[in-house]
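Let's walk through this structure together, moving from charged pairs to backbone details. Here it is to look at as you read.

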Amino acid sequence: MVATEGGHGTAGQVVAEASPGTGLRERFRTPAAKAGLGLTGLFCIVAIAADLIAPSDPFAFVGQAFKSPSTDHWLGTDDLGRDVLSGVVHGARTSLIVGLVVAVSSLIIGTVIGAAAGFAGGWVDDVLMRLTELVQVMPRFFLALMVVALFGPGLPNLIAVLALTSWELIARVVRSAVLSVKEADFVVAARAVGAPAPRLLWTHILPNAIAPAVALAALQVGGAILIEAGLSFLGLGDPNRVSWGYMLNNAQPFVRRAWWLSVFPGAAVAMTLLGINLLSDALSDRAPARPPRRIRRRFRGHVDGPGPSPLAEGPDPGLDPGPNAGSPLLAVEELRVQFGTDVGPLIAVDGLTLTIGRGEVLGLVGESGCGKTVTALAIAGLLDETTAVVDGRVWFDGIDLAAQPESAMNRIRGSRIAMIFQEPGSSLDPVKTVGHQIGEVLRRRDDIARGQRRQTTIDLLDRVGIPDPRRVVEAYAHQLSGGMAQRVMIAIALAGGPDLLIADEPTTALDVTVQAQILELLQELSETEDMAILLITHDLDVVSEFADRVAVMYAGVIVEELTVDRLGHDPRHPYTTALLAARPGVARSDERLATIPGTVPTMLEQPAECRFAARCGPRVEWELSICCEAEPALVETGTDHSVRCWLHQDSLDASDT
Amino acid sequence: MAPYIVRRLLQAIPLLFGASTLTWILVHLAPGDPIVALAGEDGNAEYYAMMRERFGLDRPLGEQLVVYLGRLVRGDLGFSNRHNRPAVEVILDQLPATLLLMVPSLVIAALIGIALGAVAAGRRHTAVDATVRTTTLLGHAMPVFWLSQILLLVFAARLGWFPVQGRTDARANHEGLRAAVDVAHHMVLPVTALVSVYVPPIMRVTRASMIENLDALYIRAARARGVSRRRALIGHALPNSLLPIATVIGAQIGFMFAGAVLVETVFAWPGLGTLLLNAMLNRDYAIITASLLMLATTIIGMNLVTDIAYSVIDPRVRHGRD
Amino acid sequence: MRHRWIVAAYLAVGLVATACGDDAESGSTADEEATVAETTAPADDTTEPDDETEQEEEPADDVSGGTMVVAISEDPGHFNPGITTGFNVHVVTGSMFNGLVELDDNANPLPDLAESWEVSDDATTYTFTLADGVTWHDGEPFTSADVKFTFEEVLLNFHSRTKSGLEGALASIDAPDDQTVVFTFSEPYAALLQRLNSTEAPILAQHIYGGVDDVQEAAENLTPVGTGPFMFESHEIDSEVRLVRNPNYFKDGLPLLDEVVYRVIPDANTQLLALEQGEIDYLWRVPGAELERLGGDDAIDLYPVNSGPGGGFCVPTLTFNLDREVFDDIRVRQAIAHAIDRQQLVDQAIFGQGRAATGPISSEMAFAYTDDVTEYPRDIERANALLDDAGFSAEGTRFTIDLLHFPNFSKYGEIIRENLSEVGIDVELAPLDRAAFLPRVFEQRDFDTNVISYCNNSDPSIGVSRMYLSTNIGNIPFSNGAGYVNPTIDELFADGNRTADTGARADIYAEIQQILVDELPYWWLVETRFTVGATAGMEGLAPHSGHFAEGAHFVDG
């Protein structure tokens, strides 16, 4: 619950991981889930307390026939003068019994068969899986229809046939769960020390497999209710128990004479199924929580209000740095990104400011979770508006990106700002060819005729050092190695002829030898194409070798910004020095940060103290109290060098941040 | 590809045998036999004994089963005495009507379901999403026969827009285009009912799958190269979601037939559902076993088609199998 | 004598088809019940067709042809009426085939293929003179050889009712010339004419079936060639059967319709909707629940009838399985009779289409009926007292019985269950489809009670005695399900069969009714009627008959 950002975390994951409430309570927060819970709960309560709720015996002739709903009989009476409300209420009980028995027995059968097949393997697995397939190819409704039609309508028959035919999916799920757990280290280890198989199954394997099986079994309840109703409609219901299907069937001849006879039981079926489905949706929905509306509104208003209208032709002249050669290509001002969570807005980027000049390579460095990727996505305008609130300004070549409409942003992305990512293999669409994906960029370029696109594509691939570009044009992601895929990604980036390339940990997932090749390629391209690069990494070696300047980021802010030269001989912020010190000299990224104790804090509110204070060696050593009382500002301490640290504040009153 | 298909087909054979045997046993263990339905009432004991002998029903069940399986091996699915024709012929006669109902319903449902699923996924957790989900869930939760009756009462009886029953107008002898229009007119209500049943599972799997894909890195990468949200949704997330959608459609084929039975009954649509139902009531063993065998074959076939579709849609699978 | 004939013929109406589907609410007619099995009463007189009952009136000039669409619940399957008594087959083939005689709506025999007939005094020889110029639909001439062939090769082998009814009694069928057929019996056989209409003994073509190896599986069964008013045109399974006018029909001026289309509509609600929307013209059973509403609909004519292709004079009856210990004590059976609210059955199960029954013979069968029998009015106190006396404690549930019924008789079951719960008897309903029901009741005898609609049909000797004869217990559908054994009753029914005089027979049947109602092997619930619905303005319909469409026509305006 501490990381604000995975190495390649999307905004969604950030929130999901950061939400302390992700669990059952979290899932039931949406209105749909609440409705599902409510309807299902109501159904269960009515079913259990049927005797207390129902005004009369559902079979008793308690009133005149065909009385429409009134205060005497809230839902009216049927053709024999039976109380419809009592029928609906007792029908809930029948439905619950059918549903539960079917669900539980299919759960038991499915779990036993799936576990046996998965654990035993070999011919047992073969036989059981054939059996499972057999059940799968026997259509359930028809089997039920057949058994009930041939052996006589009765809930026991129906329940038996449903239970015997609905375990198939559960068995498959349990089996595959067992298979995957079976090879897990702890199980292998337990087996190695001679733990008996049944106990292993019971203590290690089943607990892991049971959750998805239960979810599937729960859905059987709804299915059973529908099948029961369907069979009753065909006149194959059990007349000895009131069920909704029975009532619907009974209502058939009177559809036009007494609407209430079919409407109420029909509505009961519909509502119950709706409830069960909503509930199961809520249980299985992996989607993240959305930000509370309250926060979103506040921040959106702030962003939209004072900024230039999205339709404005150009940037605000007052603030426009102008497209002259001296101004930076990219200027980020006071960038702030928050994600809504259960416990309040989570601050991912907190007033970040940086600039990149044309053709410049800026390294943005920091640990996992410091906000680097979120910054990159915010610059490119790729954060999901429904979960993230972005504030601040991003000027790109004189254009206020925040004020651009989506269509304009789409034009800018790809043609002027390009991005590459940490996992190149996953960043390529698995079902589209490389050529198609490069083509998506080329298509929008007016200067390349349709007929030239293929050649251009091949040239681009050639340009990024792909050996057999003609073949790779037709290739899919799964056919490329990591390094090749990253080269393809770079080719895609180049296709638009961008001024700025945002490279988010472009080499982290690659082999060491390939890393160097890719970085060299990037450096070369930066020079030949006059392309600025925002190189996001946690690797100071990479930065010092390839970047012109370095911005060190910590907990959503820049803590030090300096040239690569100065990084070598005059790093000032304790975090920067700690990062440098943690460098073992050889590249094994995950080992080195271990030497800085602690992790990047999760910020739910703006801190009053220095963000690094808790982990800061010098502070502890010198027992500085101010570090824990106020946050320092980023101040320029020299040419091209700014630091955010109390140790380097020129005036102590600059605590206005 | 071809060897793979052949292997799959070979694997299906024992499965089909198992399914037929199971069905046969079930049908023959059930009380009652087809004699009274077939021949009529008020015969004497001698008459019924003669009829049982005539149809081989006086033999031990094991022997009858052996005879049945022996014929099955030779591709003989039995003779329907009720229809006085080989069961296969009868079923093949009725199949087009059911397909006429199911295929358009499935196509329309797939279009609607995928569109709604995509919209819901694109706007997940918004009011649009909630509305789409609840509406389709309601469609799923409503017993299809009930919905069918309501459609009949409203659109056929009250408004008179559509005919009540059948596949054609019994009085008109249309030909050519007008006949097609007539059939289409009769199809509207049953197809509507079926679509409402087919859409929810398709919508749900589309939405879930799209959401999963929308979170995928390649979508972010596509957006980063200027692909619009819409195009990313339709051009990238959707193709990647088609596989699970195809799987769901394939796996639901039995369920879809079930829906067809109920709809056919209400709208008096002459298809397999009606045939099977009557076969059960009349203990027309040949039709029952042959229909279920055919259903099982269809399900296996759909699974195979889905798998083949996988390899068409998904290059990973395609290359993996070469 | 003539009076007796009219009655007998009237009663024969019930013979027209297999199942008397007077089910109260569902339109599925094939499912329910029983008709007749017995040999008919011997008669010793010769009878001519009644002069008063003539053929259809000549139609008016404003008659147009047109298409009549008839709803049926189930596909016929095939079109050989000679090998089955199935309603679904006969309801269609009735329009394509003829019998030797036809029955009018009072069940008097009318000429059909037989122009006239003579019956010997001892009722052992029937001589039929066949109509002139009758041709099969394919143009071949119809002759007496066809009749002989049909009986000998088809009906007496495969038509369950004709086989069981005639096989033992019939000595020979001769065709001395093309126009003459002679039936000779070894003992008096009075009711032959009731077994000769188009449903009971349809005449098939020898030139079609003569060379067929296996009549039951013949391809010819799917392309029927008859002599009837309509000719087979096309058949789509579960969809429709299309018949067209037979231009060479041997009855002058008939038929009037151009086409008869049978539409398969399984669902009763849909059937009615289709009638109301004008998609069909004719519905065999209007659901009782809708009668009240339809009464005010000018577009639909309702024909209340007590018989038809589904059977006639039907009495839904509660059978006590007398093998079960609980029913040993007659007080238990009496208590149940007192506990059941038959008026409620009349009102809510059959929607007023009928009346409470009094005993084994329907009041519609006037000559044999008596109301001078013991009555068991609804009386809960008396029922409770009887059960107390029988030793069943009133504490909680006295005992539990099952009640088997066809699925569309569930309303009877529900009402009886609730009625009996008032006297402490628990009833478990067991709806079973027909195929499962019959062996369970008649073969295994594994039931406590059941409800079956038994149709009296044409004569007590046909539709009534089968339920009570001790010789009729066993694996025969719709036989003596109670397992009732009473030599007196056996003897009385035999007397009834042997007796020719109507008055004497009435006395015998009165005695039978009194004994049976006292002994209560069954409890007779209600006498049912049903209602045919047709497009307003149709004339010439004969809802009681297999030839219901022969004279039907639309009237303009």
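A residue is called buried at under 20% relative accessible area, exposed at over 50%, and partly exposed in between (1.4 Å probe, protein chains only). Please keep in mind that this is a predicted model, in which local features need pLDDT of at least 70 and side-chain atom pairs count only at pLDDT 80 or more, while totals for chains, interfaces and linings use all residues. Residues are numbered from 1 along each chain as its sequence is written, chains are lettered from A and ligands numbered from 1 in the order in which they are written, and side-chain values use heavy atoms, with hydrogens and water left out.

Let's begin with the charged pairs. Side chains of opposite charge can pair when their charged atoms come close. With a salt bridge taken as a side-chain nitrogen of Lys or Arg within 4 Å of a carboxyl oxygen of Asp or Glu, there are 57 salt bridges over all chains. In chain B, B:Glu63 pairs with B:Arg59, their closest N and O atoms being 3.1 Å apart. B:Glu63 is partly exposed, at a relative accessible area of 36%, and B:Arg59 is partly exposed too, at 43%.

Helices here are DSSP runs of H or I with at least four residues, strands are runs of E with at least two, and both are numbered from the N terminus. A:Arg93 is partly exposed at 23%, whereas A:Asp51 is exposed at 52%.

Helix α5 of chain A (residues 84-120) also holds A:Ser86, which counts as buried because its relative accessibility is 0%. Beyond neighbours within four places in sequence, A:Ser86 is in contact (heavy atoms within 4.5 Å) with A:Ala54, A:Pro55, A:Ser56, A:Asp57 and A:Pro58.

Now for the backbone. Which residues have a positive phi although they are not glycines? A:Asp397 has a phi of about 50°, and A:Glu505 one of about 45°. A:Asp397 sits in the loop between β4 (388-396) and β5 (399-400) of chain A and is buried at 16%. A:Glu505, in the loop between β7 (500-504) and α22 (512-529) of chain A, is buried at 3%.
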